[in-house]
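Hi everyone, thanks for coming. Let me put the structure up on the screen, and then we can walk through it together.

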Amino acid sequence: APLHQKNYLVNGELKSWDGTTAEVHSTISSTENYEPTLLGSVPDMGEPEALEALSAAVDAFDRGQGVWPTMHVRDRIECMEKFVGQMETKRDEIVKLLMWEIGKSLPDSQKEFDRTVEYIYDTIEEYKDLDRNSAKFQKQDGVYAHIKRGPLGVVLCLGPYNYPLNETFALLIPAIIMGNTTIFKPAKHGVLLITPLLEAFQNSFPKGVVNILFGRGRVLATPIMQSGKVDVLALIGNSKSANAIQEQHPKSSRLRLVLGLEAKNPAIILPDADLDLTIEECISGTLSFNGQRCTALKVIYVHEDIKEKFLKRFAERVDGLNFGNPWDDGVNLTPLPEPGKPAYIQELIDDAKQKGAEVINEKGGKHFDNYIWPAVLHPVTKDMRVYQEEQFGPVIPVLTFSDIEEPLDDMAESNYGQQVSLFGKDVYALSPLIDTLVNLVCRVNLNSSCQRGPDVYPFTGRKDSAQATLSVHDALRSFSIRTFVAFKDN
Ligand code: G3H
């Protein structure tokens, strides 16, 4: 039955909404003739509710004097443990919503849930260590200092649709535990799955610490930012939206930004690469969750010497994947949650074809329902949109190179700098190249595809790919500041 979500959480109260609502559809078809399925609806709120949530968060922080920012670490941990304990009881419901709302496969939906729970427990442990190690009393040159790590204030948190639970909570949980107060708006797709958690948020934290709104991002974020009362913008998404929201703040340069943004991660395949392994890693790298990951491989550079072999086998492997509903056994490709995505992917394919590329796999670009079969495009050139844009979907541009300087130059010119995958056998001989690559991106994956996890490793990027670092370890630091009291030995 459709889930008509009527509540929102402001100032510790689960309020009932009687205004206009927005329907939530799944792009998974429940009929033979493709028709989107109505999953439910959520409130479509406006400025008054946005300002109500803002004032609850501002009051709860109370210039750092509120119950939450001044609460003892042990008690804050207790609140977080209570929350995660309640969340664990909602696993089946949330996993089901992940599959229906965003089309994520059953194993990946389960993984997203379990990974998030683990992330919260790891954050609690990290927070204990951080508190133990960062509270310092020291003396230097006759000056005593009592150094601590404290919250920043009010955090506006906007999550992405591809990881509506895990990445959203990778922002929200560290922001909360560090003593900040928050206003959170879930992503458009993956919004209903926050419903089962509303009560857990309400009864685990003091009033005003977590405020949850539903509606359109810009509509809600604009008055909140224009108030000038937000201290941190935490967002995972694209830089265009992040900039537009950030600019609303009257003193935007004063905002702390915790942003995870676009990437165009390349795979570089050297002549001596192990082809079996490389193909499998490139399949998962480009097409896990249909390529809708900021960490996906979004462009492949293959050396001229192995181009023929690679392209033939890679194209066959792509065509051998399974499309189906998220709960089907062994499914690799699933319906796309954004209704406009297949048409966008088709535009990229058409543009590339017009400029001289070919779709080299037989099934590439075939449409059915709301899906378009992954297209492997070759030869791709830099004037093509599929090279220039972050496709975030099932289309794979392949370029060739004969001199390693070619992909390196492209990476240096790129607006992005998150990760790279390097495939070659002689890792020892590759070390000078690896040294160059780490100065162009933030993570070099040797003989493996790009990814964010394990979540304890730093997750960040250069240029337009990120502002701040997320990980169990780093996010706590991104959402806090070191302060100290000093006095002289006189
Ligand atoms: O969309 C970007 C995500 O952070 C990707 O995370 O590498 O764990 O799939 P992942």
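Where is the place of P454? P454 is in the loop between β22 (443-446) and β23 (462-463); helices (H or I, at least four residues) and strands (E, at least two) are DSSP runs, numbered from the N terminus. Before going on, a word on the model: it is predicted, so local features need pLDDT of at least 70 and side-chain atom pairs count only at pLDDT 80 or more, while totals for chains, interfaces and linings use all residues. Residues are numbered from 1 along each chain as its sequence is written, and side-chain values use heavy atoms, with hydrogens and water left out.

Back to our proline. The peptide bond from G453 to P454 is cis, with omega near -15°. Another cis bond runs from H378 to P379, with omega near -10°, and P379 belongs to the loop between β18 (375-378) and α13 (385-388). Then look at N11, in the loop between β2 (7-10) and β3 (13-16): its phi is positive, near 55°, and it is not a glycine. For background, most residues other than glycine have a negative phi, and most peptide bonds are trans.

Now to the ligand. Which residues are around the ligand? They are R115, N162, Y163, E167, R293, C294, T295, Q451, R452 and F459, where a residue counts if one of its heavy atoms lies within 4 Å. By class, this shell has 3 nonpolar, 3 polar and 4 charged residues; Ala, Val, Leu, Ile, Met, Phe, Trp, Tyr, Cys and Pro count as nonpolar, Asp, Glu, Lys and Arg as charged, and the others, Gly among them, as polar.

Some of these residues make polar contacts, which are pairs of N or O atoms within 3.5 Å. A polar side-chain atom of Y163 lies 2.3 Å from a ligand oxygen, and for T295 the distance to an oxygen atom of the ligand is 2.7 Å. An N or O atom in the side chain of R452 is also 2.7 Å from a ligand oxygen.

Last, the aromatic rings. How many aromatic pairs does the structure hold? There are 17, counting rings of Phe, Tyr and Trp (its six-membered ring) with centres within 6.5 Å; planes under 30 degrees apart are stacked, over 60 edge-to-face and the rest tilted. Y144 and F487 have ring centres 5.2 Å apart and planes at 15°, so this pair is stacked. Because Y144 lies in strand β7 (residues 143-151) and F487 in strand β25 (residues 480-488), the pair ties together parts 343 residues apart in sequence.

How values were computed: Polar contact = N/O pair within 3.5 Å; in protein donor to acceptor, adjacent residues only side chain to side chain.
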